[in-house]
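Hi,

Here is the structure I promised to pass on. Have a look first, and then read on for what turned up.

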Amino acid sequence: MLQELFSDLIHELRGAISMRRHPFKYVTLSTVDEQKSPRSRTVVLREVSESLECIIFTDARSQKISHISTNDNACMLAYHPKKLMQIRLDGQLTVVRDQKEIKRLFQKVSEKAIKDYTTSVSPGCAIDQPDQVEYVSRSESNFVALKFVPHTIEYLRLKRPNHLRAVYKTEDGWKGQWLVP
C-alpha cells in the first residue's frame, strides 16, 4: 500500500502541470531568511520531472533568491481539499544556471504573465498606488527559474476509519515508511 500512495502522490503532483485547475498547481514554498526565520509564499508549480524535481519561476530580485544564497533548504506544501490530501516536500532550492534551459523555460512565460518579471523596481518595494507600477521590456526581464530537488516527501490523507501518513526518502529509494498520523 505504501507504493500505491507514492504513485498517487506522484500522479497528483504531475496533475498540477497537466490540469489547469488542479489544487497542486499553487503550492506553498518556504525558505529560510538570513535571520533563520521561515518565509512562506504561494508559487506556481511549472514543471515536475520524472525524478520529481520541480520548477518554479520568480523575479531575480525577490527575497527567495537572497534566502537560497545563504541557505538552500526549502519546503513545498500542497493540499488537495477534495481528497483531504497534503504532501510536504523537503529539499534544496537552486537557481537554474543552464542558459539553454533558461531560454526554454522563459519561452513558456505568456505575454500576460511577463509583467511578473518586468517591474521597474523590485518585488516588495513600497508604492503609493497599485496602478503606479512601471514595467520594463521583456528583453530586460528579471526572470529566474528555480529548481526544487526533494529528498523527503511526507504524505498525509485524512480519512476514516484511519488517517494515512507516510514518509518517503530518496536515501531509501522512495520505498516509504508509515508514520502515526
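Let's start with a quick one: is Glu154 buried or exposed, going by its relative accessibility? At 13% relative accessibility, Glu154 counts as buried, where buried means under 20% relative accessible area, exposed means over 50%, and partly exposed is in between (1.4 Å probe, protein chains only).

Some housekeeping before the rest. This is a predicted model, so local features need pLDDT of at least 70 and side-chain atom pairs count only at pLDDT 80 or more, while totals for chains, interfaces and linings use all residues. Residues are numbered from 1 along each chain as its sequence is written, and side-chain values use heavy atoms, with hydrogens and water left out.

Now the overall picture. The protein chain has three helices and nine strands, which are DSSP runs numbered from the N terminus (helices: H or I, at least four residues; strands: E, at least two). From the N terminus on, their order is α-β-β-β-β-α-β-β-α-β-β-β. The C-alpha trace spans about 55 × 35 × 35 Å along its principal axes, and 41% of the 181 residues count as buried.

On to the inside. Leaving aside neighbours within four places in sequence, Phe6 is in contact (heavy atoms within 4.5 Å) with Leu52, Ile153, Tyr168 and Trp174.

What about charges? A search of the whole structure finds 14 salt bridges, each a side-chain nitrogen of Lys or Arg within 4 Å of a carboxyl oxygen of Asp or Glu.

- Glu154 and Arg88 meet through their side chains (3.5 Å, N to O). Glu154 is in strand β7 and Arg88 in strand β6, 66 residues apart. Arg88 is partly exposed, at 29% relative accessible area.
- Glu50 pairs with Arg14 (3.8 Å, N to O). Glu50 sits in the loop between β3 (47–48) and β4, Arg14 in helix α1, 36 residues apart. Glu50 is exposed at 71%, and Arg14 is partly exposed at 26%.
- Lys108 pairs with Glu47, their closest N and O atoms being 2.6 Å apart. Lys108 is in the loop between α3 (99–106) and β7, and Glu47 is in strand β3, 61 residues apart.

Leu158, in the loop between β7 (143–157) and β8 (164–169), is partly exposed at 34% relative accessibility.

Happy browsing!
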